[in-house]
Amino acid sequence: MEVKEVDPVSGRKTTGHIWNGIRELDTPIPRGVLLFLIVTHIFAVLWWVLMPTWPLGRTYTKGVLGENQKTTVEASIKEGAGARASWTSRIENLSYDEVRADERLMETVRANGHQLFGDNCAACHGRDGKGRENYPDLTDDDWIWGGGPEAIAQTLTVGVNSRHAESRVGQMPAFGRDEMLDATQVLDVATYVSSLSDPAISTAENVEQIDRGREVFQTTCIACHGEDAKGNPELGAPNLTDNRWIYGGSLQRIIATIHGGRQGHMPTWDERLAPVEIKVLALYVDDLGKRTP
């Protein structure tokens with residue numbers, strides 16, 4: 001039987017529980033803790049009454065205050081759209097050239113385009129637009145599908161190898177993997193392509209190899225890249241005579257590209273961005289290259 005006693009040191013009653021010779025004091029909960037618990041419970045009850053809280057099948061309790069986060073966000077979006085209407089309507093109605101000729105309007109394009117680019121494009125092309133491995137640099141003048149804001153807007157709208165019905169479609173075949181070229185031919189044409197952007201590669205020791213590669217190029221590659229190897233924006237075939245590479249310009253990377261093929265992908269943005277946002281983004285990207293040293 002548990003016997004409750006008074007602790008001679010503290011003067012408090014014990015609970016009667018003893019563990020290993022230690023008696024448990026019957027200490028009350030501090031008033032501060034009790035007050036805190038009372039306040040939080042009162043607050044919870046008031047919150048249940050005032051705010052949307054309890055789910056009821058397909059609906060929920062609306063709360064006395066009638067707060068609704070959905071309508072709050074919609075109102076905020078509507079307010080923001082109203083604030084932007086003064087310049088978005090102008091951009092919608094003006095041509096690309098007219099917008100570019102208006103420096104004050106271009107300042108707005110740069111400010112809003114920077115945000116759009118960061119939210120939608122930076123993951124692949126980088127915050128500065130300079131791209132990274134397997135993603136093109138948007139700050140130079142080397143365009144796979146054509147430069148200028150009109151062409152950029154079209155690419156943004158339909159994407160590349162995307163699900164859009166009018167998507168830009170481009171693919172480089174896997175000449176080596178699919179046995180259209182043997183290993184020697186792949187090496188020969190890769191060496192020739194490498195020499196187009198770096199003439200120093202052509203030496204007395206490999207001149208015959210480069211000549212063989214030129215023959216392979218003429219029978220295999222000019223349909224897309226052209227006889228001068230400067231590419232074709234209509235087909236998404238890049239210029240091979242400059243020193244700008246998406247998948248790497250070393251001989252080994254060129255060999256890998258010819259052997260295994262390439263098929264870039266860019267999503268279509270017409271379902272995510274409004275037409276005026278696509279126009280702003282196209283103007284921003286076009287301007288980005290002009291402002292980057």
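The following legends accompany several views of a predicted protein model.

**View 1. Overall extent of the protein chain.**
The C-alpha trace of the protein chain spans about 110 × 60 × 40 Å along its principal axes. The secondary structure of the chain consists of 11 helices and four strands. The radius of gyration is 34 Å, whereas the globule rule gives 19 Å for 293 residues; the chain is therefore more spread out than a compact globule.

**View 2. Surface and interior of the protein chain.**
The accessible surface of the protein chain amounts to about 18900 Å². Carbon and sulfur atoms contribute 56% of this surface. Of the 293 residues, 32% count as buried, a term that refers to a relative accessible area under 20%.

Among contacts in the protein chain with a separation of 6 or more, 52% are between residues 24 or more positions apart. The chain carries 30 positive and 41 negative charges. The mean position of the positive charges lies 11 Å from that of the negative charges.

Helix α6 comprises residues 149-158. Seven of its 10 residues are buried, so the helix is largely enclosed by the rest of the structure. The buried residues of α6 are Pro149, Ala151, Ile152, Ala153, Thr155, Leu156 and Val158.

Note on methods: Residues numbered from 1 in each chain as written. Predicted model: local features only at pLDDT ≥ 70, side-chain atom pairs only at ≥ 80, totals over all residues. Heavy atoms only, no water. Helix = DSSP H or I, 4+ residues; strand = E, 2+ residues; numbered from the N terminus. Rg over C-alpha atoms; globule rule 2.2 N^0.38 Å. Buried < 20%, exposed > 50% of the residue type's maximum accessible area, 1.4 Å probe, protein only. Contact = heavy atoms within 4.5 Å. Areas by Shrake-Rupley, 256 points an atom, 1.4 Å probe, with all protein chains shown as cover. Lys, Arg positive; Asp, Glu negative; His and termini not counted. Charge placed at Lys NZ, Arg CZ, Asp CG, Glu CD.
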